[in-house]
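Notebook open, and I'm going through the model one item at a time.

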Amino acid sequence: MNKGKVDVLLGLQWGDEGKGKVVDVLTPRYDVVARFQGGPNAGHTLEFEGQKYVLRSIPSGIFQGGKVNIIGNGVVLAPDLFMDEAKSLEESGHELRSRLHISRKAHLIMPTHRVLDAAYEAAKGKSKVGTTGKGIGPTYTDKISRNGLRVGDIFENFEEKYAMCKARHEAILKSMDYEYDITEVEKKWMEGIEYLRTFNIVDSEHEINGLLREGTSILCEGAQGTMLDVDFGSYPFVTSSNTICAGACTGLGIGPNRIGEVYGIMKAYCTRVGAGPFPTELFDETGATIRQLGHEYGAVTGRERRCGWIDLVALRYSIMVNGVTKLIMMKSDVLDGFDTIKACVAYKQNGKEINYFPYNIEEGIEPVYKELPGWKTDMTQFTSEEQFPKEFNDYIKFLETELETPICIISIGPDRAQTIERK
């Protein structure tokens, strides 16, 4: 039997690592790109040929003509937001209907899920997580509690099923004494349902495994980052799904023995959006400079990202739980102008130095830094690794030694062309 291959691409930090660009770059090597978790809280930004696109639910392989793109069962889908995203792509000349397949088992984000999201955050007060307010958490909660509404439900007794779910949410909101009005949102949401019905809705687990039997190559695209994983991230300041490699198996219906390469994406520094611990966060001018140079603002929310030096303790942990085989380093050019680059190699906790990621990093963690000389070179126009300055090559070697994993791709700018593969 001819076996296809499944490679996984995911973020190793707190999201926003640049996954969309890399999926777009790697897609020509694969037949299929499949998204396995998350929802429209994830914004994957791609730039090429003078155009900038932000994808929220649609896989980032959609721009490479002829490739099949699958939204897997592990994804949560908002019909109205999906409609906006898809229509925008179609208007810019990208044909979707024949190439985009949507899992029948993916769960739907309802208008009342967004209201619940806001109500739960408001109730937490100072302990709020800092969600994007897209209804992701409440949708996954309904999924786990066996009360969810799925894409496949839109074809059978949909109005009845929707009304039951809505009534349940309304009862919760009434008990919280939370005021809201979803009249306009619900109207557009229902338009999104009609629009969704025109797409190719499939039993994605059967489709994917059938393609693998035919020898097809598949790239699995993750959203958010490992440190936001609901099990292994900085809980409770995490997302509501498994962002790690194992999530590709459950989010697409793929056996673990099918997984080949695991590409882990990281920035040359570190960022985080929303609340939660961030050991290497910089509150000084250096942090502000990184934010400005890296344009560190959320693709979906527009929120300022918190910025800091690279955290090798957290990265070693991410590489371990994902089984990463190859690293991809993004935004190296953002550090082009610094005299000194810092990297966190260990933590100090209660006066003791540790080199592992502990159960609780919310307080009492002090980063232990190693300083390296900066390269002070504009690398944005480079086309090969032979042009890299010695100091940058030293930085790469240092990271590879610390992380015990090869760095195979370096990004030196936002455009598709500003990508260098190392030999």
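For a salt bridge I take a side-chain nitrogen of Lys or Arg within 4 Å of a carboxyl oxygen of Asp or Glu. This is a predicted model, so I keep the cut-offs in view: local features need pLDDT of at least 70, side-chain atom pairs count only at pLDDT 80 or more, and totals for chains, interfaces and linings use all residues. Residues are numbered from 1 along each chain as its sequence is written, and side-chain values use heavy atoms, with hydrogens and water left out.

**Salt bridges**

I looked up the total and got 26 salt bridges. I then picked Arg-114 and Asp-80, whose closest N and O atoms are 2.7 Å apart. Arg-114 sits in helix H3 (residues 111–124) and Asp-80 in helix H2 (residues 79–91), so this pair ties together parts 34 residues apart in sequence. Helices here are DSSP runs (H or I, at least four residues) and strands likewise (E, at least two), numbered from the N terminus.

Are these two partners buried or exposed? I use under 20% relative accessible area for buried, over 50% for exposed and partly exposed in between (1.4 Å probe, protein chains only). Arg-114 is buried at 16%, and Asp-80 is buried at 5%.

Next I checked Glu-90 with Arg-97, a salt bridge at 3.2 Å, N to O. Glu-90 is partly exposed at 28%, and Arg-97 is partly exposed at 31%.

Asp-203 pairs with Arg-104, closest N and O atoms 3.1 Å apart. That one links distant parts of the chain, 99 residues apart: Asp-203 is in the loop between strand E9 (200–202) and helix H7 (204–213), and Arg-104 in the loop between strand E7 (100–103) and strand E8 (107–108). I also noted a network of salt bridges with shared partners, joining Asp-16, Lys-267, Glu-296, Arg-305 and Lys-331.

I found a cis peptide bond between Tyr-235 and Pro-236, omega about 10 degrees. Pro-236 lies in the loop between strand E10 (217–221) and helix H8 (246–252).

Asp-177 is not a glycine, yet its phi is positive, about 55 degrees. I place Asp-177 in the loop between helix H5 (158–175) and helix H6 (183–196), and Asp-177 is exposed at 69%.

**A buried threonine**

Last, I looked at Thr-139 in helix H4 (residues 136–144), buried at 2%. Setting aside neighbours within four places in sequence, I list its contacts (heavy atoms within 4.5 Å) as Val-76, His-107, Leu-108, Ile-109 and His-113.
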